[in-house]
Amino acid sequence: MALRPSPHQPPTPAAAHRHEQSDRERGGTRAHRRERSDPTGTPASRQSGDDLTPGGSLAPPQERSDLLHPNPAPRQSGDDLTPGGSLAPRQERSDLTPRNPVPRQERSDLPHPNPAPPQGRGELRAAEGNEPQPDTALTPTHRPLRAGEQPPRQSTHSASARRRGKVARTSEGNEPRPATGRPHPARTEPLRPLLLLAHGSRDPRHAATVEALADAIRALRPELPVTTAYLDHCAPRIAQVAPRLTDAIAVPLLLNRAFHAKHDIPAALRAAGSTIPVADVLGPSPLLLDALDRRLAETGLDVTDPAVRTRTGIVLAAAGSSDPAANATTRAVAATWQRTRGWAAVTTAYASATTPTVTDALTTLHTNPTVHTTAVAPYLLAPGLLPDRIATASATADHLAPVLGAAPELAHLVLTRHTEAAAATAPNARTA
């Protein structure tokens with residue numbers, strides 16, 4: 001049995017030879033591993049026992065060309081070698097990125113680092129057409145939406161309206177809401193009551209007709225207070241009503257501006273201590289001509305047939321006045337009625353104060369060769385003494401119309417005069 005040498009004893013020459021051979025074998029194995037792991041296929045230079053220096057130390061390893069170099073030279077393929085074995089000059093490849101690349105194009109859909117200043121409100125226009133855009137001058141820039149995030153709700157109010165304080169903002173988001181508080185209604189003048197002033201008569205039909213006209217006015221304007229008063233013969237009188245209607249407007253039921261309109265009614269109001277405004281008289285007006293047509297049609301005369309109108313002569317029978325201007329106004333109404341309707345003739349007659357009478361006017365029409373039919377149209381508002389006188393004198397006429405009475409046209413005309421007077425006496429009209 002051979003004894004193992006002590007670690008403290010020097011090795012024998014045979015043992016040293018065995019250790020040297022073993023080291024050479026292990027070195028060969030490591031070199032073989034490096035050859036297999038070299039990706040270039042070029043084995044690295046190995047150091048064997050022959051590489052030892054005479055002193056027994058290893059020679060410095062040779063530098064490997066396949067390792068990373070701080071400034072590696074471009075690799076040449078086998079095709080790049082010349083027939084003599086030297087490397088051919090490197091060819092530039094056109095598919096590689098050039099040394100001076102083209103500047104990168106900016107994307108218009110990305111936010112710009114230096115956005116252009118916002119345009120003014122008057123300069124905002126759409127790219128297609130000239131549609132005005134919303135007021136975005138004061139709208140904050142929104143960040144890009146995250147995944148699943150809802151876009152902000154668009155406000156229906158402009159930034160200028162928010163600056164003026166016409167809308168308020170809620171605590172949730174920035175959605176404007178109407179400002180609190182009740183809106184101020186437009187200031188309107190109070191509705192002034194209507195006081196109808198009639199002449200009056202001992203005939204009860206007169207007052208009944210006036211009250212019927214008042215009811216027709218109330219039906220047209222239910223919110224308007226309507227009161228009647230009379231100059232004479234009927235109750236209530238002006239002195240009984242006018243003092244308590246301090247804010248009313250009086251409308252006289254008179255067709256002409258004659259003595260009653262110029263003197264009797266103003267004197268009665270002064271005697272009652274009333275200073276309420278008085279509207280203009282009813283005539284002349286196209287509505288009165290429409291009411292005359294209505295009353296003639298009620299007698300059976302076809303007023304809509306032009307052929308009938310061209311052969312019909314009419315007597316416009318008024319009350320008559322000592323005022324020549326009032327009578328001239330009546331003649332002007334007759335001329336307008338004939339011209340606008342196409343009657344064969346329209347002549348005036350009066351029940352009092354002046355001539356011609358109704359009888360004389362009918363005699364004149366009977367002598368007119370273009371007149372084949374005659375009619376009498378009272379230019380009066382209510383039944384009474386004068387309408388009865390006109391009816392008696394119309395015995396030779398083919399048609400006798402009733403008085404104007406509570407015709408719808410008169411109700412509208414009364415309201416028109418009331419509105420005109422209210423506008424003329426409003427506070428802003430008086431100070432203008």
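1. The axes of H6 and H8 come within 11 Å and cross at roughly 70°. Axes here are lines fitted to C-alpha atoms, for helices over the stretch in contact, and angles run from 0 to 180 degrees between N-to-C directions. H6 and H8 are therefore roughly perpendicular to each other (angles of 65 to 115 degrees count as roughly perpendicular, under 35 as roughly parallel, over 145 as roughly antiparallel, and the rest as oblique). From H6 the contact takes Leu289, Asp290, Leu292, Asp293 and Leu296, and from H8 it takes Val333, Thr336, Trp337, Thr340 and Arg341; contact means heavy atoms within 4.5 Å. By class, these are 5 nonpolar, 2 polar and 3 charged residues. Ala, Val, Leu, Ile, Met, Phe, Trp, Tyr, Cys and Pro count as nonpolar, Asp, Glu, Lys and Arg as charged, and the others, Gly among them, as polar.

2. On the basis of the note: this is a predicted model, in which local features need pLDDT of at least 70 and side-chain atom pairs count only at pLDDT 80 or more, while totals for chains, interfaces and linings use all residues. Residues are numbered from 1 along each chain as its sequence is written, and side-chain values use heavy atoms, with hydrogens and water left out.

3. The secondary structure of the chain comes to 12 helices and 9 strands. Helices (H or I, at least four residues) and strands (E, at least two) are DSSP runs, numbered from the N terminus. Of the 432 residues of the chain, 31% count as buried (buried means under 20% relative accessible area, exposed over 50%, partly exposed in between, with a 1.4 Å probe and protein chains only). Among contacts with a separation of 6 or more, 66% are between residues 24 or more positions apart.

4. H6 (residues 286-297) also packs on H11, at an angle of about 165° and with the axes 8 Å apart. That makes H6 roughly antiparallel to H11. The crossing of H6 past H11 is left-handed; a crossing is left-handed if the near helix is turned anticlockwise from the far one by less than a right angle, and right-handed if clockwise. Leu287, Leu288, Asp290, Ala291 and Arg294 in H6 meet Pro408, Glu409, Leu410, His412 and Leu413 in H11. The residues of this contact divide into 6 nonpolar, 1 polar and 3 charged. Asp290 of H6 is listed here and also in the contact with H8.

5. H11 (residues 408-424) has a further partner in H3 (residues 204-220), at an angle of about 70° and with the axes 9 Å apart. That makes H3 roughly perpendicular to H11. H3 passes H11 in a right-handed crossing. Leu213, Ala216, Ile217 and Leu220 of H3 make the contact with Leu410, Ala411, His412, Val414 and Leu415 of H11. These residues divide into 8 nonpolar, 1 polar and no charged.

6. Which residues touch the most other members of the largest nonpolar core? In this core of 47 residues, they are Ile217, Leu253, Leu296 and Trp337. A nonpolar core is a set of buried Ala, Val, Leu, Ile, Met, Phe, Trp, Tyr and Cys residues joined through side-chain atoms within 4.5 Å. H11 gives the most to the core, with 6 residues. Leaving out residues up to four places away in sequence, Trp337 touches Leu289, Leu292, Asp293, Leu296, Ile314, Leu316, Gly342, Trp343, Val346 and Ala377.

7. Ala326 is found in H8 (residues 324-341) and is buried, with a relative accessible area of 3%. Beyond four places in sequence, Ala326 touches Asn256, Arg257, Ala258 and Ser321. Ala326 and Arg257 are 69 residues apart in sequence and 6.2 Å apart in space, C-alpha to C-alpha.

8. The loop between strand E4 (226-230) and helix H4 (238-241) holds Pro236, and the peptide bond from Ala235 to Pro236 is cis, with omega near 0°. His233 is found in the loop between E4 and H4. Phi of His233 is near 70°, a positive value in a residue other than glycine. At 33% relative accessibility, His233 counts as partly exposed.

9. Pro356 lies in the loop between strand E7 (345-350) and helix H9 (358-366), and a cis peptide bond joins Thr355 and Pro356, with omega about 10°. Ala353 is placed in the loop between E7 and H9. Ala353 has a positive phi of about 75° although it is not a glycine, and at 62% relative accessibility Ala353 counts as exposed.
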